Amino acid sequence: MEHSTAGDDFNYLSGFGNHFSSEALAGALPEAQNSPLICPYGLYAEQISGTSFTSPRNLNLFSWFYRVKPSVTHEPFKPRVPCNGRILSEFNHSNSSTNPTQLRWKPMDSPDSPTDFIDGLSTVCGSGSSFMRHGYAIHMYTANKSMNNCAFCNADGDFLIVPQQGRLFITTECGRLKVSPGEIAMLPQGFRFTVDLPDGPSRGYVAEIFGTHFQLPDLGPIGANGLAAPRDFLVPTAWFEDKSYPGYTIVQKFGGELFSAVQDFSPFNVVAWRGNYVPYKYDLSKFCPYNTVLFDHSDPSINTVLTAPTDKPGVALLDFVIFPPRWLVAEHTFRPPYYHRNCMSEFMGLIHGGYEAKVDGFLPGGASLHSCMTPHGPDTKSYEATIARGNDVGPNKITDTMAFMFESCLIPRISRWALESPFLDHDYYQCWIGLRSHFNVTEISPRTPTLDSETVAGDTKSS
């Protein structure tokens, strides 16, 4: 039996951080309590907690499921065969390296053999440990087959999935999400889900955070409106199936390793649910960007969609930042991103189009990593083209683009797979080698203060 509130359509509730409720059968939610002796329709009550019981109320995340059979009904977990040795959730000398060099990867090819989302995951970099409940991992995925007769459960952290090619149909215990390139999906720690590929081969990016959850950034002096609006985050409505699945496998990522357990039913048997610990999706085209309107270049933090905070105010374990279509209007200003050395580390990806600071080499499906205090900025062609246009350039709209950044206060270690990947661009550094000196001591900007005639280098005549 399969059932939802509206047939096989994908239906959603809207809002961020709300307490939601949804039922695929009318009356399936208990009234006035969470765990009655007998639930409606003879269902089992089961809670999933995303935070400790005693977390502050405004941060406390949990949901109640009312399901045909409880999730505990499975055989013991065993190490999965085959494993996926490219997945990491603890970063140390034994499995990853530090490297301050600017790194870039070309888009990954589709696998030669049948590969689903689980086996298509490869960790690029990360820091910290899922065991210590602090840190993050950045993965890329490429897959060419849907998950069949199995579900995935990530016990280590939350997954933020950014598809670049091919739609994802994601079934979760709360319901179903249809996620297209240009949208993102967030799958909370502990949720069971399956990924189907309706368009065939798919690839994209995944940010995983340990020990915390994503929030909307504070808007500060921006005010009440702007950036990502809570109304545009979509949560699935209840959908369930009640049928026999002999040999159905739950694949659990636990400490970066994969384990499997067998059961004889679908894990997507939740007839009704309520709570605020939920998967969701968001369409990046709905983001309302802010930018400078007179001079200079705004810091990229102005385009933060989601943030995973640390205990230190204003410092993120991981920010998700986008660079969407927008107008550039700043006067007598170098409009592309400035040259930069950052105490944070920046991983960038490109969903479609081009990126204004990289004319060549940074392709949709590719990625770059600029670690803590590693210099980076526009390539030679971008710089020369920008200054050649001069100060008289008028307003210009950047179109057909969607780049993004995962930014973290933790210094990443880079996986062996990423450093040995055939997609690593060993010539990335060449994009800056052509930058030449424009220094001309005879040309002084009108805004540059001049020295008094009685002032000499290193010495000032006293009165």
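This is a predicted model: local features need pLDDT of at least 70, side-chain atom pairs count only at pLDDT 80 or more; totals for chains, interfaces and linings use all residues.
Local features required pLDDT of at least 70 and side-chain atom pairs pLDDT 80 or more, whereas totals for chains, interfaces and linings use all residues. Residues are numbered from 1 along each chain as its sequence is written, and side-chain values rest on heavy atoms, with hydrogens and water left out.

The protein chain comprises 3 helices and 33 strands, assigned as DSSP runs (helices, H or I, at least four residues; strands, E, at least two). Its C-alpha atoms occupy a box of roughly 95 × 45 × 40 Å along the principal axes. Of the contacts (heavy atoms within 4.5 Å) between residues at least 6 apart in sequence, 78% join residues at least 24 apart.

Buried residues make up 51% of the 463, where buried denotes under 20% relative accessible area, exposed over 50%, and partly exposed in between (1.4 Å probe, protein chains only). The protein chain exposes about 21,800 Å², of which carbon and sulfur atoms supply 53%, by the Shrake-Rupley method with a 1.4 Å probe.

With a disulfide defined as a pair of cysteine sulfur atoms within 2.5 Å, the count is 0. The sulfur of Cys-150 lies 12 Å from the closest cysteine sulfur, that of Cys-153, which is too far for a bond. Cys-150 is buried, at 8% relative accessibility, whereas Cys-288 is partly exposed, at 37%.
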